[in-house]
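Student: I have a structure open on my screen and would like to go through it with you. Could you take me through the contacts, the strands and the surface?

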Amino acid sequence: KQIESCAFSGCTELWVVILPEGLHEIGPSAFVGCDKLTSIEIPKNCTEIGIDYWIVNGVAIENYMNAFTSCSNLQYISVHEDNPKYDSRGDCNAIIETATNTLIVGCCNSIIPNSVIKISKGAFTRVHLTEIYIPNSVISIDENAFSNTDITTLVIPESVSYIGHSAFSFCDNLSVVFVTFSSSSPTSIVSFVFSNSPFSFI
């Protein structure tokens with residue numbers, strides 16, 4: 001019923017995973033660093049995909065490591081159509097938390113649906129993603145959402161009101177960033193959003 005935290009972490013030769021119908025939970029960092037894994041299907045009964053936490057002064061703080069962080073060659077993601085918590089609407093090749101319209105895990109071939117309002121922490125971290133279109137429905141791009149990806153050009157729509165710490169850090173191929181700021185809903189950009197990413201700001 002459960003895949004424990006870090007169960008397959010660093011299994012660099014793992015390229016096929018078939019998750020059983022009876023699986024209910026995938027623990028934090030369960031498949032982190034499985035860089036040959038190319039596809040994953042979330043079964044209908046899996047209603048918990050873990051996020052790692054740091055303990056700071058006795059308080060648990062959510063970090064950016066999800067169950068599939070650093071699966072750099074992940075190309076196909078699907079969620080069983082009867083899953084009550086997650087979906088991959090419109091064959092978007094991503095895992096979306098249905099109730100909140102939050103994209104929590106993406107891959108090389110993800111398309112962000114125009115119903116998504118938030119891109120979660122570390123959703124695309126260390127994925128070989130070369131291009132992405134962020135639709136006008138997106139309001140929040142969380143910490144490390146696209147860090148260490150291969151994107152070359154980035155367009156941030158006017159709808160985005162928050163961009164988290166290191167959201168686009170270490171994107172070595174990023175050369176041009178287009179941002180449209182709204183006077184009615186100004187964008188909040190925290191520190192180090194584009195750290196170590198060479199680009200021209202337009």
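**Salt bridges, strands and surface**

Tutor: Arg89 and Asp87 form a salt bridge in which the closest N and O atoms are 2.8 Å apart; a salt bridge here is a side-chain nitrogen of Lys or Arg within 4 Å of a carboxyl oxygen of Asp or Glu. Please keep in mind that this is a predicted model, in which local features need pLDDT of at least 70 and side-chain atom pairs count only at pLDDT 80 or more, while totals for chains, interfaces and linings use all residues. Residues are numbered from 1 along each chain as its sequence is written, and side-chain values use heavy atoms, with hydrogens and water left out.

Student: Is Asp87 buried or exposed?

Tutor: Asp87 is buried, with a relative accessible area of 15%, where buried means under 20% relative accessible area, exposed means over 50%, and partly exposed lies in between (1.4 Å probe, protein chains only).

Student: How many salt bridges turn up in the whole structure?

Tutor: A search of the whole structure gives 4 salt bridges. One of them joins the side chains of Glu13 and Lys36, at 2.9 Å from N to O. That pair links distant parts of the chain, 23 residues apart, with Glu13 in the loop between E1 and E2 and Lys36 in the loop between E2 and strand E3 (39–42). Strands (E, at least two residues) and helices (H or I, at least four) are DSSP runs, numbered from the N terminus.

Student: Which partner does Glu48 meet in a salt bridge?

Tutor: Glu48 meets Lys85, side chain to side chain, at 3.6 Å from N to O. Glu48 lies in strand E4 and Lys85 in the loop between E7 and E8, so this pair ties together parts that are 37 residues apart in sequence. Glu48 is partly exposed, with a relative accessible area of 34%, and Lys85 is partly exposed as well, with 25%.

Student: Let's move to the sheets. What is the strand order in the open sheet of 3 strands?

Tutor: The order is E1-E2-E4, with parallel pairing. Strand E1 (2–3) and strand E4 (48–49) stand at the edges, each with a single partner strand, so one side of each is left without a neighbour in the sheet. Strands of a sheet pair through backbone hydrogen bonds, either parallel or antiparallel, and two strands are taken as paired if DSSP finds at least two bridges between them.

Student: How many bridges hold E1 and E2 in their pairing?

Tutor: E1 and strand E2 (residues 25–26) pair in the parallel sense over 2 bridges, and the bridge partner of Gln2 in E2 is Glu25.

Student: Do E9 and E10 pair in the parallel or antiparallel sense?

Tutor: E9 and E10 pair in the antiparallel sense, over 3 bridges, with Ile95 standing opposite Val105 in E10. Their hairpin has 4 residues between the strands, and in it Asn101 takes a positive phi near 55°. Asn101 is partly exposed, with a relative accessible area of 23%. E10 also pairs with strand E11 (residues 118–119), here in the parallel sense over 2 bridges, and Leu103 stands opposite Ile119 in E11.

Student: What is phi at Asp91?

Tutor: Phi of Asp91 is near 50°, a positive value in a residue other than glycine. Asp91 is found in the loop between E8 and strand E9 (95–97), and at 67% relative accessibility Asp91 counts as exposed.

Student: Now the surface. Which residues form the nonpolar patch?

Tutor: Trp15, Val16 and Ile18 form that patch, with about 390 Å² of accessible area together. Accessible areas come from the Shrake-Rupley method with a 1.4 Å probe, and for residues only the protein chains shown count as cover. Patches are made of residues with over 30% relative accessible area and no salt bridge, like charges being joined within 9 Å and nonpolar side chains (Val, Leu, Ile, Met, Phe, Trp, Tyr) within 5 Å. Ile18 is found in the loop between E1 and E2 and is exposed, with a relative accessible area of 75%.

Student: And which residues gather in the patch of negative charge?

Tutor: Glu21, Glu41, Glu81 and Asp82 gather there on the surface. Lys and Arg count as positive and Asp and Glu as negative, while His and the chain ends are not counted; the place of a charge is taken as NZ of Lys, CZ of Arg, CG of Asp or CD of Glu. Asp82 sits in the loop between strand E7 (76–79) and strand E8 (86–87).
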